[in-house]
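Here's a quick tour of one structure, going from a single side chain out to the sheet. Have the viewer open while you read.

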Amino acid sequence: MPDVLPEVSLIINGERRDAPSRFGVINPATGEVHADAPDCSRAQLDEAFDSAAKAYLDWRVDEDARRAALNAAAGVLFASAESIGPVLTAEQGRPLAQAKAEVFGAGMWLKYFADLEVPREVIQDDKAAFAEVVRRPMGVVAAITPWNYPLILAAWKIGPALRAGNTMVLKPSPFTPRATLLMGELLSPVLPSGVLNVVSGGDDLGRWMTAHPVPRKISFTGSVATGKHVAASAAPDLKRVTLELGGNDAAIVLDDADAGAIADGIFGAAFANSGQVCSAIKRVYVPESLHDDLVEALAARAVAAKVGDGMDPEVQMGPVNNAPQYERVRELVREAIDRGATAAAGGSALDGPGYFFAPTILTGLTDGERIVDEEQFGPALPVITYREVGDAVTRANATMFGLSGSVWSSDPERASAVAADLECGTAWVNTHLALSPSQPFGGLKWSGIGVENGPWGLAAFTDLQVRHVAR
């Protein structure tokens with residue numbers, strides 16, 4: 001880690017601003033405060049929204065200028081991985097190479113929306129009239145992002161919102177504010193003042209944002225519980241919302257699968273970012289005949305994974321990001337083992353400082369156990385047996401979550417038929433976590449409202465207007 005991490009400030013109206021106070025930011029690899037971030041006041045939030053509202057008047061009218069600015073912003077991020085990456089690793093925990101890749105990925109998302117062609121939607125063109133459906137910007141957007149992928153999930157919102165002609169006030173998680181503030185500072189020279197404001201603070205700041213009279217839309221990524229509060233806060237003002245919430249993704253392994261061949265894909269999709277991915281595999285259903293082979297293969301990968309400080313270039317998995325989530329993972333695994341589950345690998349926290357938990361493969365579980373029914377969001381994976389495929393699908397669907405899922409088989413056509421019965425926003429076959437800027441992402445049931453990414457994600461930041469001209 002660099003000897004001195006950069007000082008970060010609020011970004012309001014294109015300028016660095018100090019806050020009346022600052023709060024500590026913990027490095028999850030040590031469990032200790034390593035730096036601080038500004039705690040935005042209510043008056044400063046008002047100023048941020050006011051600057052966004054003023055910037056909107058000009059920003060909304062020139063699409064070519066918006067596309068050029070977003071392309072420039074993408075270029076800034078492509079060139080900034082070396083400077084932002086260590087800041088992200090220090091507060092989020094993931095290995096430095098992965099942190100740098102996230103910075104680059106955020107640039108990819110901005111470039112995608114900068115270059116996305118949006119065709120005109122003409123619905124009538126005859127002797128009687130010309131009519132088209134026009135997508136108009138909404139105004140100011142309030143965006144709130146989580147701690148697991150703070151930069152790329154911010155880009156999921158910044159790209160389509162700004163391309164559509166909106167302006168934004170963005171709030172990162174208080175667990176990972178610094179990389180997002182630094183990103184906002186680096187983007188300020190290529191975006192007009194007030195178009196993107198970045199503020200940091202705790203839960204009070206989030207509540208002030210969602211209840212504020214200026215924004216016409218709230219885009220939130222985070223927990224189901226907080227998402228419900230966001231929706232309730234938006235309701236009195238009829239603010240539009242996009243909510244990307246939790247998941248309890250199931251992977252169903254069919255009886256013709258090769259356990260050794262699929263183990264890498266399943267392990268990688270379950271333990272990416274130490275399991276802290278909303279659409280990661282959270283539970284695996286496997287036929288009894290393949291159970292032992294798959295568990296052995298997954299356990300071997302768990303034991304071999306090098307866990308440690310993300311600044312170590314040999315580390316493959318970092319810590320759990322924060323103390324509350326770390327304690328939740330410990331509680332769920334401990335409870336499962338106390339109730340008879342077996343840890344084929346891991347099963348406990350690692351010795352030493354920081355929020356490190358051994359990559360864990362659990363067997364001997366069934367539905368009804370908390371670590372199966374709830375979202376663990378950490379490095380622990382239950383493997384559950386089934387006898388009939390229809391029963392596995394029913395059990396996979398028996399949840400209030402509906403984000404994504406996958407089916408694994410040597411017969412992709414057969415697996416596709418099974419995947420079609422999964423009640424989720426994305427159903428993958430022989431892969432998982434295959435995301436791209438062009439692919440819509442969203443969940444059913446409690447996993448969210450609306451979608452992000454692709455032209456559908458862009459449309460979510462617009463209002464429709466019919467322009468009908470009589471002839």
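## Around Asn-273

Leaving aside residues up to four places away in sequence, Asn-273 touches Gln-92, Arg-94, Asn-148 and Tyr-149. Keep in mind that this is a predicted model. Asn-273 sits in the loop that links helix 9 (259-271) to strand 13. Is Asn-273 buried or exposed? Its relative accessibility is 7%, and the cut-off for buried is under 20%, so Asn-273 counts as buried. With Arg-94, the link is also a polar one: the two side chains make a polar contact at 3.3 Å.

Now for another loop residue, Glu-117, found between helix 4 (96-115) and strand 5 (121-125). Glu-117 has a relative accessible area of 58%, and because exposed means over 50%, Glu-117 is exposed. Its side chain is joined to that of Arg-67 by a polar contact of 3.2 Å. The C-alpha atoms of Glu-117 and Pro-455 are separated by 8.7 Å, although the two residues are 338 residues apart along the chain.

| Residue | Partner | Polar contact |
|---|---|---|
| Asn-273 | Arg-94 | 3.3 Å |
| Glu-117 | Arg-67 | 3.2 Å |

## Helix 2 on helix 5

Arg-67 turns up again in a helix pair. Helix 2 (residues 63-78) packs with helix 5 (residues 150-164) at an angle of about 155°, and their axes are 9 Å apart. Angles over 145 degrees count as roughly antiparallel, so that's how helix 2 and helix 5 run relative to each other. On the helix 2 side, the contact is made by Glu-63, Arg-66, Arg-67 and Leu-70, while helix 5 brings Gly-159, Leu-162, Arg-163 and Ala-164. Sorted by class, that contact has four charged, three nonpolar and one polar residue.

Next, look at the open sheet of seven strands, ordered 14-15-16-13-12-17-18 with mixed pairing. Strand 14 (342-345) and strand 18 (426-429) are the edges, each pairing on one side only. On average, neighbouring strands in this sheet are turned by 25° against each other, ignoring direction.

Ala-343 stands opposite Leu-362 of strand 15.

Which helices pack here? Helix 14 (residues 412-419) packs on the sheet, touching strand 17 (404-408) and strand 18, and its direction makes about 160° with that of strand 18. Helix 10 (residues 288-304) lies across strands 12, 13, 14, 15 and 16, running at about 145° to strand 13.

Terms used:
Residues numbered from 1 in each chain as written. Predicted model: local features only at pLDDT ≥ 70, side-chain atom pairs only at ≥ 80, totals over all residues. Heavy atoms only, no water. Pairing = 2+ DSSP bridges. Helix = DSSP H or I, 4+ residues; strand = E, 2+ residues; numbered from the N terminus. Axes fitted to C-alpha atoms, helices over the stretch in contact; angles between N-to-C directions. Contact = heavy atoms within 4.5 Å. Buried < 20%, exposed > 50% of the residue type's maximum accessible area, 1.4 Å probe, protein only. Polar contact = N/O pair within 3.5 Å; in protein donor to acceptor, adjacent residues only side chain to side chain. Parallel < 35°, antiparallel > 145°, perpendicular 65-115°, else oblique. Nonpolar A, V, L, I, M, F, W, Y, C, P; charged D, E, K, R; others polar.
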